Amino acid sequence: MSSVSEDAGAAREVAPRLERWSGLAGFDAATPAWRELLRVAAIDPLCNDPAWVRDHVASYSDPATLFGWTATDATGEPVGVFAFRREPSRGPLRARRAILAQDGSFESDYVDFPVRPGAEQAVMSALVTALERESGVDAAVLHALDAESRSLAALRRVLEQRGTPTRESAVSCAVTELPASFEAFLAATKKRMRSKIRQALRRAAEAGATYRWIEGELEQELDGLFRLHQARWAAVGGTGSFADERRRAFYARFAPRHLASGTLRLARLDLDGRAVAYQIGLVAGERYYQLQEGYDPAYEELRVATALRAWALEQLIDSGIRHYDFMAGESRHKADWGGVERPCCLLTFPTSARGRLGFGARRWVESVRPTR
């Protein structure tokens, strides 16, 4: 006789029913099912939170481009939710692409699908069929997927079984595993880095630096972060992330919500009575996600950014944080701070005959292109 769990698992293998929705109203209607699945699916909680996704869509894109599906099993229980948006046209001859709703700005990492455990194969098969039937979409581009995702593994199997061509590449992310004390963390760093951190803290102390977590006046403090981030990049001839007003709008949306829930960590270092460095991140359980930082280039020799990160690290460790997540992007400083790879990937596949032709043409070009 089969157990209840076995019977439930078998029921989920039946092709789920997908209900299509569109726009923010449709997204909001799907959110309760999304939250229910997020509680049972072992996926990263930050960028897969529907509130994060909604803030991203509202900041970066036309909500009219948003669409997706809610999948239910034979009993009517939700087994998956998928949110996409149509990428702006790249020209009449280019493939029309569907991207994940929280993608397009390189803000979201460890992206996964809220799918009920055990239902991944059937649900991902239904998703691919739905994308193939979606009018005006030639390819799906899934960026910064969690490489360890069960849903991703199921999606790969579905595409392989259907003979669908794919392109996949690694996305580099890094995370530092934290010990129980800041001194133990320092002891584990390389000698050169350990000396650099201690020197930065000493110089900041000698200059009269003060540190604090921001607990109010958030709009003013975010403006300070934006200004110092831009100043730092301008000093080296760069543009800076916050030159994009959409990114500033995104931070202005999610930061108050996380401040209210107690999960925002906005650190500030002051010298001579004014802010000269900021670091912003979010916490979920024992994990801290480092998002952005900025500092006054006039104080670069004092290494105020290093001092602020070290202070924040000590505070985070003392509060029980055990994973300092740098998220995506390759940078030497992440390794200096103990960062090791946490893999993500970019997966692209065609969803229409036109998309398959485009994939084939690109493969042909790559095969005849001379190597250097």
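Q: Which residue stands opposite Tyr-288?
A: Tyr-288 stands opposite Tyr-324 in S12. This is a predicted model: local features need pLDDT of at least 70, side-chain atom pairs count only at pLDDT 80 or more, and totals for chains, interfaces and linings use all residues. Residues are numbered from 1 along each chain as its sequence is written, and side-chain values use heavy atoms, without hydrogens and water.

Q: In which sense do S11 and S12 pair?
A: Strands of a sheet pair through backbone hydrogen bonds, either parallel or antiparallel. Strand S11 (residues 287–295) and strand S12 (residues 323–328) pair in the parallel sense, over 3 bridges. Two strands pair if DSSP finds at least two bridges between them. Strands (E, at least two residues) and helices (H or I, at least four) are DSSP runs, numbered from the N terminus.

Q: What is the strand order in the sheet that holds S11 and S12?
A: The order is S8-S9-S10-S11-S12-S7-S13. This open sheet has 7 strands, with mixed pairing. Strand S8 (210–213) and strand S13 (340–341) each have a single partner strand, so one side of each has no neighbour in the sheet.

Q: What order do the strands take in the sheet that holds S14?
A: This open sheet runs S1-S2-S3-S4-S5-S14-S6, again 7 strands with mixed pairing. Its edges are S1 (17–22) and S6 (167–171). The twist averages 25° from one strand to the next.

Q: Which helices pack on it?
A: Helix H2 (residues 23–40) touches S1, S2 (66–72) and S3 (78–86). Contact means heavy atoms within 4.5 Å. The direction of H2 makes about 145° with that of S3. Axes are lines fitted to C-alpha atoms, for helices over the stretch in contact, and angles run from 0 to 180 degrees between N-to-C directions. Helix H4 (residues 120–133) also packs on the sheet, at about 30° to S3.

Q: How do S6 and S14 pair, parallel or antiparallel?
A: S6 and S14 (residues 344–350) pair in the antiparallel sense over 5 bridges. Val-171 stands opposite Cys-344 in S14.

Q: Which element gives the largest share of the lining of the largest pocket?
A: S11 does, with 6 residues. A pocket is an open set of points on a 1 Å grid over the protein atoms alone, where a 1.4 Å probe fits, with protein on both sides within 12 Å along at least five of seven lines; lining residues have an atom within 4 Å of a point. Of the 35 lining residues, those closest to the centre are Trp-233, Gln-292, Glu-293, Arg-309 and His-333.
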